[in-house]
Amino acid sequence: MERVTISLDDDLLAAFDALGRRRGYTNRSEAIRDILRDVLDRQRLEDVPETPCFACLVYVYDHTRRDLASRLVTTHHGRHDLSIATLHVHIDHDHCMESVMLRGPARDIRAFADSVLAQPGVWSGALHLVPEAPKPAAAPLADA
Ligand code: NI
């Protein structure tokens, strides 16, 4: 592990420390490492959309809505190659929450998530993508 020195404006550092405290970090290095990993993962998924990923798609839907449950099952079977597991929770008389674990290229997972979340009667959808393996290290930047 290398030690680097960076310069920050006082206001930016104060905002960073406040964010770190709110998220439960006890030191700046851990906070910066996690933030960097998150930014690098997101950039990698933009640059290389076929990056192999694990993902979790969560959404709520109204199972009483005409044909919706059946359409969702058809959508899932259409990309059964991406599906690892689905957790279904009956959250009240009419509504269900599903958490779907997926594995595949980021582009395919995003397209599948869009096709689920675009169905009328589905809402509160969120997709979290995690690249399968860390990106290989690139050449270092100057520490100035
Ligand atoms: Ni249900």
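Q: What do buried, partly exposed and exposed mean for a residue?
A: Buried means under 20% relative accessible area, exposed means over 50%, and partly exposed covers the values in between, computed with a 1.4 Å probe on protein chains only. The structure is a predicted model, in which local features need pLDDT of at least 70 and side-chain atom pairs count only at pLDDT 80 or more, while totals for chains, interfaces and linings use all residues. Residues are numbered from 1 along each chain as its sequence is written, and side-chain values use heavy atoms, with hydrogens and water left out.

Q: Which residues of α1 are exposed, and where do they lie?
A: D11, R21 and R22 are exposed, and they sit on the face of α1 turned away from its buried side. Helices (H or I, at least four residues) and strands (E, at least two) are DSSP runs, numbered from the N terminus.

Q: How do you know that the length of helix α1 agrees with its number of residues?
A: The expected span is 1.5 Å times one less than the number of residues. For the 14 residues of α1 (residues 10-23) this gives 20 Å, and the end C-alpha atoms are 20 Å apart, so the two agree.

Q: Which residues of α1 are buried?
A: F16, D17 and G20 are buried in this helix. Seen down the axis of α1, the buried residues fall within an arc of 100 degrees (the arc of the directions from the helix axis to the C-beta atoms), so they line one face of the helix. These buried residues pack against α2 (28-47), where contact means heavy atoms within 4.5 Å.

Q: At what angle do α1 and α2 pack?
A: The angle is about 90 degrees, and the axes are 10 Å apart. Axes are lines fitted to C-alpha atoms, for helices over the stretch in contact, and angles run from 0 to 180 degrees between N-to-C directions. Angles under 35 degrees count as roughly parallel, over 145 as roughly antiparallel, 65 to 115 as roughly perpendicular and the rest as oblique. The pair α1 and α2 is therefore called roughly perpendicular. L13, F16, D17 and L19 of α1 meet R28, A31, I32 and I35 of α2.

Q: What follows α1?
A: The residue is G24, whose phi is positive, near 90 degrees.

Q: At what angle do helices α3 and α4 pack?
A: Helix α3 (residues 68-78) and helix α4 (residues 106-117) pack at about 170 degrees, with their axes 10 Å apart. This angle makes α3 roughly antiparallel to α4. L72, T75 and H76 of α3 make the contact with F112, S115 and V116 of α4.

Q: Which residues of α4 are buried?
A: They are A106, I109, F112, A113 and V116. Viewed down the axis of α4, these buried residues fall within an arc of 130 degrees, so they line one face of the helix. They pack against α2, β1 (52-62), α3, β3 (95-105) and β4.

Q: Why is A113 placed in its accessibility class?
A: The relative accessible area of A113 is 2%, so the residue is buried. Apart from neighbours within four places in sequence, A113 is in contact with L57 and L127.

Q: What is the relative accessible area of Q119, and is the residue buried or exposed?
A: With a value of 13%, Q119 is buried. Q119 is placed in the loop between α4 and β4 (122-131). Leaving aside neighbours within four places in sequence, Q119 is in contact with L68, R71, L72 and T75.

Q: Which atoms coordinate the nickel ion?
A: The ion is coordinated by H88 (NE2), H90 (ND1) and C96 (SG), at 2.0 to 2.3 Å. Donors are N, O and S atoms within 2.8 Å of the metal (3.2 Å for Na, K and Ca), and water is not among the atoms, so sites may look incomplete. The donor residues are spaced H-x1-H-x5-C in sequence.

Q: How do H88 and H90 count in accessibility?
A: H88, at 30% relative accessibility, counts as partly exposed, whereas H90, at 63%, counts as exposed.
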